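The sequence and structure come next, followed by the points grouped by topic.

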Amino acid sequence: MGGPLLDADPVEFRANYNEKSFMFRHNMAGHPLFELPRIVLAAERMLGRGDLEKFVALGGQTKSAATKFSAMPPRERLAATITQLADAGVWLKVSSVDTIDPEYAQLLQRLLLELEQLAQFPLRSEITWASLTLFLASPHVVTPYHIDHESNFLFQISGEKDVTLYDPTDRSLLSEVEIERFYAGDYQAAQYREEVQQKGSTYRLSPGRVVHHPPLAPHWIRNCDNVSISVSIGFCMRDIDRRSRVYQVNHFLRRFGVSPTAPGRSKVSDGIKIAGIGMVSKSNPTTPTEILFSGMSRLTAPPRMLKRLVRRVVGPAS
Ligand SMILES: [Fe+2]
């Protein structure tokens with residue numbers, strides 16, 4: 001595949017990137033890295049390395065009613081997912097496949113370069129972490145409403161799905177409190193409310209289409225009548241990582257009865273909060289968990305250390 005992988009209107013891209021969802025075209029639908037046997041090989045390599053947290057396989061019918069899909073060993077779950085893909089409700093995610101397979105790593109770098117050319121600013125120097133994730137899903141599988149910290153591009157390779165995205169800045173949809181709880185570690189903090197359904201934009205993703213999710217844009221996804229293969233490029237950026245620290249401090253302030261200033265309203269207030277969490281954060285984080293939570297976990301560590309100390313002095317509670 002020698003030509004460009006992305007086919008977007010540069011003006012629309014620059015106007016909407018990281019602010020609003022939008023759809024454009026790509027040229028990866030026939031790429032050999034996204035054929036089913038190649039995806040299975042990548043998943044097997046991931047399992048071979050013991051990276052079990054990067055491999056998620058859910059759902060499915062098993063031959064024996066006594067055997068639960070979730071109780072099956074990962075390799076059996078992988079095989080069952082592939083054989084049941086067409087007719088059972090299974091869902092497979094192989095996260096950060098670029099970390100174990102150099103061909104996917106090269107493709108990720110090529111895509112980031114093309115995104116930077118479309119964005120017309122040094123995007124890659126602002127990225128603190130990036131990954132390429134593979135998704136396989138049966139017909140009609142639904143991914144529930146949620147938010148993500150990362151900026152995301154979801155590429156459809158095979159099959160169709162409907163992706164409904166909402167404005168990340170509309171506080172009637174997503175409140176400051178929900179975002180603060182999300183950055184305190186509650187991944188299900190964003191609450192779906194039936195009355196806001198009409199506020200979303202639904203994109204029909206078919207092979208050759210890609211939709212952009214801005215950071216914190218609430219979304220949910222429903223597969224259409226066929227097996228879906230999708231690829232996600234997700235990345236953290238310096239400014240959205242910094243903003244997450246403001247939300248983390250605000251989470252603490254609210255717990256102490258203070259009504260905190262939302263990010264973006266006061267440079268001074270934001271700067272103090274960012275520096276405060278920054279002082280206790282890991283200096284060279286390598287994963288999103290470390291980027292987002294190394295400061296938070298150190299802040300909450302003293303009570304744990306104190307508990308351990310008390311236990312050592314007075315012995316375990318009976
Ligand atoms: Fe998501």
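Asparagine 152 stands opposite histidine 213 in strand E10. This is a predicted model, in which local features need pLDDT of at least 70, side-chain atom pairs count only at pLDDT 80 or more, and totals for chains, interfaces and linings use all residues. Residues are numbered from 1 along each chain as its sequence is written. The protein has 10 helices and 12 strands; helices (H or I, at least four residues) and strands (E, at least two) are DSSP runs, numbered from the N terminus.

**Strand E10 and its partners**

- Strand E7 (residues 151-158) pairs with E10 in the antiparallel sense over 4 bridges, where pairing requires that DSSP finds at least two bridges between two strands.
- Strand E2 (residues 22-26) also runs antiparallel to E10, joined to it by 4 bridges.
- In that pairing, phenylalanine 24 is opposite valine 210 of E10.
- Strand E10 (residues 209-213) is largely enclosed by the rest of the structure, because 4 of its 5 residues are buried.
- A residue is buried if 20 or more other C-beta atoms lie within 10 Å of its own, exposed if 12 or fewer, and partly exposed in between, with C-beta atoms placed from the backbone.

**The four-stranded sheet**

- An open sheet of 4 strands is ordered E6-E11-E8-E9, with antiparallel pairing.
- Its edge strands are E6 (142-146) and E9 (201-205), each of which pairs on one side only.
- Neighbouring strands in this sheet are turned by 15° against each other on average, direction ignored; axes are lines fitted to C-alpha atoms, for helices over the stretch in contact, and angles run from 0 to 180 degrees between N-to-C directions.
- Strand E8 (residues 161-165) pairs with E9 in the antiparallel sense over 5 bridges.
- Threonine 164 has threonine 202 in E9 as its bridge partner.

**Helix packing**

- Helix H7 (residues 238-255) packs against helix H8 (residues 267-280) at an angle of about 90°, with the axes 8 Å apart.
- H7 is therefore roughly perpendicular to H8; angles under 35 degrees count as roughly parallel, over 145 as roughly antiparallel, 65 to 115 as roughly perpendicular and the rest as oblique.
- On the H7 side the contact includes Arg242, Arg245 and Val246, and on the H8 side it includes Asp270, Lys273 and Ile274.
- The residues of this H7 and H8 contact divide into 4 nonpolar, 3 polar and 4 charged; Ala, Val, Leu, Ile, Met, Phe, Trp, Tyr, Cys and Pro count as nonpolar, Asp, Glu, Lys and Arg as charged, and the others, Gly among them, as polar.
- The axes of H8 and helix H9 (residues 288-299) come within 7 Å and cross at roughly 80°, which means that H8 is roughly perpendicular to H9.
- Ile277, Gly278 and Val280 of H8 meet Gly295, Arg298 and Leu299 of H9.
- The residues of the H8 and H9 contact comprise 3 nonpolar, 2 polar and 1 charged.

**Isoleucine 127**

- Isoleucine 127 lies in strand E5 (residues 127-137).
- Isoleucine 127 is partly exposed, because 17 other C-beta atoms lie within 10 Å.
- Leaving aside neighbours within four places in sequence, isoleucine 127 is in contact with Phe235, Cys236 and Met237; two residues are in contact if their C-beta atoms, placed from the backbone, lie within 7 Å.
- Isoleucine 127 and aspartate 239 are 112 residues apart in sequence, and their C-alpha atoms are 9.3 Å apart in space.

**Whole protein**

- Buried residues make up 32% of the 318 residues.
- Of the contacts between residues at least 6 apart in sequence, 79% join residues at least 24 apart.
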